[in-house]
Amino acid sequence: MNIYVLMKRTFDTEEKIALSGGKINEDGAEFIINPYDEYAIEEAIQVRDANGGEVTVISVGNEETEKQLRTALAMGADKAVLINIEDEIENGDQFTTAKILAEYLKDKDADLIIGGNVAIDNASGQVGPRVAELLTIPYVTTITKLEIDGTNVTVTRDVEGDAEVIETSLPLLVTAQQGLNEPRYPSLPGIMKAKKKPLEELELDDLDLEEEDVEAKTKTIEIYLPPKKEAGRVLTGDLNEQVQELVQLLHTEAKVI
Amino acid sequence: MNLIFTEEQEMMRKMVRDFAESEITPWIEKMEKGEFPREILRKMGELGLMGIPVPEKYGGAEMDFTSYILAIHELSKVSATIGVILSVHTSVCTNPILYFGTAEQKQRFVPKLASGEYLGAFCLTEPSSGSDAASLKTRAVKKGDQYVLNGSKVFITNGGEADVYIVFATTNPKLGTKGIAAFIVEKNTPGFIVGKDEKKMGLHGSRTVQLTFEDMHVPVTNMLGNESEGFKIAMANLDVGRIGIATQALGIAEAALSAATAYAQQRQQFGQPIALQQGIAFKLADMATSVEAAKLLVYRAADLRSRGEKCSQEASMAKLFATKTAVEVATEAIQVFGGYGYTEDYPVERFFRDAKVTEIYEGTSEIQRIVISKYL
């Protein structure tokens, strides 16, 4: 089976976000594999181990993304592809990424493409579905279970806490939700082997794409941090007075009832 | 000298850090109550952490010494108990077999130690033989193709839990150090008796026991090196063991520093965080400086060792300084936490209790000073 994983390099979940010059400051920040993409990588490895085939992890990113791709290889992926757009594209958006990925994937005869449900940075959740649309293959998002029998696929999808079971067939694109699996840690032998596995680096030119072809469809007007959380208020008086005041505040100030 | 790690080492560091935070943290309470972390060790085995420096052909990860030190460092930041279990297992059980074992001994024991199927221990110290290791009294008498061992050992880390023990005994007390031999002893050997568990001040998840050997028959094929090589074998891995414990101490110190810093930044007194008040700010600055100095000494020694250069003096300096730093920084961390630091609700009292032993085992600070002064 020919399996592809779409991976994004993101800020570590523990990093504090700081802005400088209207942009998110990346200086000194730790970067990780987007946690939802870790589920995707784990699922791809499990599907390969059960059905045979090969797992290729692809990322649209910069030179630094090689680290996260190596980690994916250390986890057990077979190959990695880095599409480095660092020098060519300054302001890409979801369209940019999806278009590049689809262009790379269009002649790859992928049976299964797995991505994360969202990336924890911009959290648009768009890239997976957009790639499937461009490749004209079916897709199912936020999946928590994947069963493959030949080319028939049964997918369980998380719908706001409920489960939806969908039957579909390969080729297919799915996006991983928390709960799909427990991603493995890269083992030390895995880490030692990762360096010897193929990691191909491509640029837009290699995909016969021009900068205009992948120009962002959106414009970022402003980036700002959420307002600072204000200190809470402690009500005083006896219990009845406090309850009365609380109800009144919920009516008049918070306007939630 | 720069602290620059390879891509593999960085990847390993991140993996071990994530593993420690996600898998070991939930175990800390159980370990504090005295439960031995078998399950953690099994998972560490699956990840290759029980055989970091072991060659691939024996099922190890075949990573260099600095990588091994990185792992002890990251593990000890979360749990000094896990740090010492791994250090003893690798530095003074697996390594001696790897360096001095016959092909048959290596084949028999190393793959199982590297995979974590077997846990290792080291038995040198006796009730009346501590720093003066050569004065040990355990006797080994050859009878046919067996040695019969009688004697007792104390403070055996991993004792009772370990499957394989490197045991030192004298075949001829008149020969002094030249009469000491080393044996690979399996736990199920008749005459191998696990005695009382020490009730320790810290490292509660690690087992420390007394062992008694009563007419314990060990096949000649289990002797490590020849009859007069035991002391050499015991001493050969001292540097490695010392850097390992220095690293454990560094991990404790770093954990104490980061807990104290985080607390001082959010604890408000007199209308502002105590971290902004000079009494505490200067304390934190001193703690951070000591930790940084300890880190440089530890990785300097590790780097020398990785490159196969002599490092006895540097290893002793790293151990002396890093362990002193661990005790001092953990003590100051409690001071920063004030009354809360003295309670079990916060981790700093554990760091304090775990730190002290690092100045004692694997060569006391006094022994380290003797070693260092000999090189002057």
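## Helix α12 of chain B

In this predicted model, helix α12 of chain B spans residues 365-374, and its buried residues are Ser365(B), Gln368(B), Val371(B) and Ile372(B). Because these residues cover an arc of only 115 degrees around the axis, they sit on the same side of α12(B). The arc is taken from the directions that run from the helix axis to the C-beta atoms. Glu366(B) and Lys374(B) are exposed on the other side of α12(B). Buried means under 20% relative accessible area, exposed means over 50%, and partly exposed lies in between (1.4 Å probe, protein chains only).

The cover over the buried residues of α12(B) includes α8 (238-266) and α10 (312-337) of chain B. Helices (H or I, at least four residues) and strands (E, at least two) are DSSP runs, numbered from the N terminus.

## Basis of the model

Local features need pLDDT of at least 70 and side-chain atom pairs count only at pLDDT 80 or more, whereas totals for chains, interfaces and linings use all residues; side-chain values use heavy atoms, with hydrogens and water left out. Residues are numbered from 1 along each chain as its sequence is written, while chains are lettered from A and ligands numbered from 1 in the order in which they are written.

## Chain A overall

Chain A holds six helices and 13 strands. Its C-alpha atoms fill a box of roughly 70 × 45 × 40 Å along the principal axes. Of the 257 residues in chain A, 44% are buried. Among contacts in chain A with a separation of 6 or more, 69% join residues 24 or more positions apart. Contact means heavy atoms within 4.5 Å.

## The nine-stranded sheet

Chain A has an open sheet of nine strands, with mixed pairing and the order β11-β10-β9-β12-β8-β1-β6-β7-β13. Its edge strands are β11 (162-169) and β13 (199-202) of chain A, each pairing on one side only. Neighbouring strands of this sheet are turned by 30 degrees against each other on average, direction ignored. Two strands pair if DSSP finds at least two bridges between them. Strand β7 (residues 79-84) of chain A pairs with β13(A) in the parallel sense, over four bridges. Ile83(A) has Leu202(A) in β13(A) as its bridge partner.

Helix α1 (residues 35-51) of chain A touches β1 (2-6), β6 (54-61), β8 (112-116), β9 (139-149) and β12 (172-176) of chain A. The direction of α1 makes about 155 degrees with that of β8(A). Helix α4 (residues 127-135) of chain A touches β1, β8, β9 and β12 of chain A, and its direction makes about 180 degrees with that of β12(A). Axes are lines fitted to C-alpha atoms, for helices over the stretch in contact, and angles run from 0 to 180 degrees between N-to-C directions.

Thr168(A) lies in strand β11 of chain A. Thr168(A) is buried, with a relative accessible area of 17%. Not counting residues up to four places away in sequence, Thr168(A) touches Pro138(A), Thr151(A), Asn152(A), Val153(A) and Val155(A).

Glu26(A) is in the loop between β4 (23-24) and β5 (31-33) of chain A. Glu26(A) is partly exposed, at 44% relative accessible area.

## The A–B interface

In the interface, 14 residues of chain A are in contact with 19 residues of chain B. The area buried between the chains is about 1500 Å², and carbon and sulfur atoms give 69% of this. Buried area is the accessible area (1.4 Å probe) that two parts lose on being put together, summed over both.

The count between chain A and chain B is one salt bridge. Glu7(B) forms a salt bridge with Arg70(A), with the closest N and O atoms 3.8 Å apart. A salt bridge is a side-chain nitrogen of Lys or Arg within 4 Å of a carboxyl oxygen of Asp or Glu.
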